[in-house]
There are 2 protein chains.
Amino acid sequence: MANTEQVKLLGFWASPFARRVEWALKLKGVDYEYIEEDIFNKSSLLMELNPVHKKVPVLVHGRKVIAESFVILEFIDETWKQCPLMPQDPYERAKTRFWAKFAEEKILDGAWIAMCSLGEEKEKAIKLAVEAIEKIEGELKGKHFFGGENIGYLDIAMGWMSYWLPVWEEVGSMKIVNPLQFPATTSWMNKFLDHPVIKENLPPRDKMIIYFQNRSTELASRPHDWFRT
Amino acid sequence: MANTEQVKLLGFWASPFARRVEWALKLKGVDYEYIEEDIFNKSSLLMELNPVHKKVPVLVHGRKVIAESFVILEFIDETWKQCPLMPQDPYERAKTRFWAKFAEEKILDGAWIAMCSLGEEKEKAIKLAVEAIEKIEGELKGKHFFGGENIGYLDIAMGWMSYWLPVWEEVGSMKIVNPLQFPATTSWMNKFLDHPVIKENLPPRDKMIIYFQNRSTELASRPHDWFRT
């Protein structure tokens, strides 16, 4: 059976994109070998497996090689059917994909640029991210997770907000998710972090602070040079 | 049955994103009402249906409202099962999604920026688009369509290259797809255009030339302001 083939994941400890894939594999109970990649000195294995983007995460399943975290999440969900991440209904699936793309483009990119920039550019990026979270707040009201009672695709896609965003806020001396302004989002962030699979699969916070301080200083003159390495 | 509910599409005649949705609906034989949107004077209907992005295309199916062309394509494929657009195999699906995203970010955005800019920025954008097409050329070798014998998701996603790209090349006084350099891509572009459903669903070329000339002049100082309206 294809599903018994060996699974490998090339990741980087501070990457929220690689961590997404780990969360999905662990939630589904799929065994895998994790290979840490040095993104500042990329291995020949990474260059060979992902010659198009040369970035992590890369999932290897037997002879199949998949890149791009959202693409990998859908592949995992379609390959290992247990604990489905995507809803079954086509409209619910469409909404999930819509919000995942929205959060990636507006909140994640906005928060990253805000952390790496100063002055007017920073203020503009914070404003855009906050406006995006206003939309998400409405989607979350009355829900435990985006996926209902259990963590689903959209929770995994946006899960970085629970742990990476507070680090980026600290590094960038800024506030994007104000708990009083966004009670539903804050409550969801806490519930997500409190899930046993998630809380046991997070990088050390102090190490992240140092890493992102260095990255944001390095990228200060070009915040749009994104870190999806 | 949900699938007998009324289908409406809000589009704009020159939008390759709205046209994708039309191609998918026509290939599947789904009846729909087309509503032309004035993107320079957006209707209250568009603002109400797509408050997040305020952009076309928007698909309405009964009470369901879906935005973002790739999200709509997957919704259509999951809702109307005839003439499947996506492959069935999870790995083939992953590759389809990977290349669709790649082409959108590298070729479409690159070609657009190249058309709207001058000098060094234009040369850089052309180079990036050409390098991306080199990768696509390899994927197409020996194939009729990306989808095999029939037009599939990736053909629809990249179909703009057959008709919009030559217009952008003319408007931008540039060449991105050189037939001698990219014979497989050129052959695919011709086959795609020659498909009865596609060739009957294209905007008038002379009107497109004028429209994109105006847009590229207007956006010359800010080519990154994208036209996904």
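The buried residues of helix H1 of chain A are A:Pro16, A:Phe17, A:Ala18, A:Arg19, A:Arg20, A:Val21, A:Glu22, A:Trp23, A:Ala24, A:Leu25 and A:Leu27; buried means under 20% relative accessible area, exposed over 50%, and partly exposed in between (1.4 Å probe, protein chains only). This is a predicted model, in which local features need pLDDT of at least 70 and side-chain atom pairs count only at pLDDT 80 or more, while totals for chains, interfaces and linings use all residues. Residues are numbered from 1 along each chain as its sequence is written, chains are lettered from A and ligands numbered from 1 in the order in which they are written, and side-chain values use heavy atoms, with hydrogens and water left out. Helices (H or I, at least four residues) and strands (E, at least two) are DSSP runs, numbered from the N terminus.

**Helix H1 of chain A**

- Because 11 of its 12 residues are buried, H1(A) is largely enclosed by the rest of the structure.
- The end C-alpha atoms of H1(A), residues 16–27, are 16 Å apart, which agrees with the 16 Å that 12 residues should span at 1.5 Å a residue; the expected span is 1.5 Å times one less than the number of residues.
- At the start of H1(A), a side-chain oxygen of A:Ser15 comes to within 3.1 Å of the backbone nitrogen of A:Phe17.
- After H1(A) comes A:Gly29, which has a positive phi near 70°.
- A:Ser69, in helix H3 (residues 69–79) of chain A, touches A:Phe17, A:Arg20, A:Val21 and A:Pro57, not counting residues up to four places away in sequence; contact means heavy atoms within 4.5 Å.
- A:Ser69 counts as buried because its relative accessibility is 7%.

**Helix H7 of chain B**

- H7(B) covers residues 160–171 and reaches 15 Å from its first C-alpha to its last, close to the 16 Å expected for its 12 residues at 1.5 Å a residue.
- Of the 12 residues in H7(B), 10 are buried, among them B:Trp160, B:Trp164 and B:Trp168.
- Just after H7(B), B:Ser173 has a positive phi of about 45°.

**Interface of chain B and chain A**

- Each chain contributes to the contact: 24 residues from chain B and 24 residues from chain A.
- The two chains bury about 2,300 Å² between them, 67% of it on carbon and sulfur atoms; buried area is the accessible area (1.4 Å probe) that two parts lose on being put together, summed over both.
- B:Val52, B:Tyr91 and B:Phe98 supply 26% of the area that chain B buries against chain A, more than any other three residues.
- Between the chains there are 10 residue pairs in polar contact, both residues at pLDDT 80 or more; a polar contact is a pair of N or O atoms within 3.5 Å, where within protein one must be able to donate a hydrogen and the other to accept it, and residues adjacent in sequence count only if both atoms are side-chain atoms.
- On the side of chain B that touches chain A, strand S4 (64–67), helix H3 (69–79) and helix H4 (90–116) of chain B each supply at least two residues.
- H4(B) gives the largest share of that side, 10 residues.
- The residues on that side divide into 13 nonpolar, two polar and nine charged; Ala, Val, Leu, Ile, Met, Phe, Trp, Tyr, Cys and Pro count as nonpolar, Asp, Glu, Lys and Arg as charged, and the others, Gly among them, as polar.

**Salt bridges**

- Over all chains the structure holds 30 salt bridges, and eight are found across the interface of chain B and chain A; a salt bridge is a side-chain nitrogen of Lys or Arg within 4 Å of a carboxyl oxygen of Asp or Glu.
- A:Glu78 and B:Arg93 form a salt bridge at 3.0 Å, N to O.
- A:Glu78 lies in helix H3 of chain A and B:Arg93 in helix H4 of chain B, so the pair joins two chains.
- A:Glu78 counts as buried at 13% relative accessibility, as does B:Arg93 at 12%.
- B:Arg97 pairs with A:Glu74 in a salt bridge, the closest N and O atoms being 3.4 Å apart.
- A:Glu74, A:Glu78, A:Arg93, A:Arg97, B:Glu74, B:Glu78, B:Arg93 and B:Arg97 are linked in a network of salt bridges.
- A:Lys101 and B:Glu68 meet in a salt bridge at 3.1 Å, N to O.
- A:Lys101 lies in helix H4 (residues 90–116) of chain A and B:Glu68 in the loop between S4 and H3 of chain B, so this pair also joins two chains.
- A:Lys101 counts as partly exposed, at 27% relative accessibility.
- Within chain B, the side chains of B:Asp77 and B:Lys28 form a salt bridge at 2.8 Å, N to O.
- That pair links distant parts of the chain, 49 residues apart: B:Asp77 is in helix H3 of chain B, and B:Lys28 is in the loop between H1 and strand S2 (33–36) of chain B.
- B:Asp77 is buried, with a relative accessible area of 11%, and B:Lys28 counts as buried at 4% relative accessibility.
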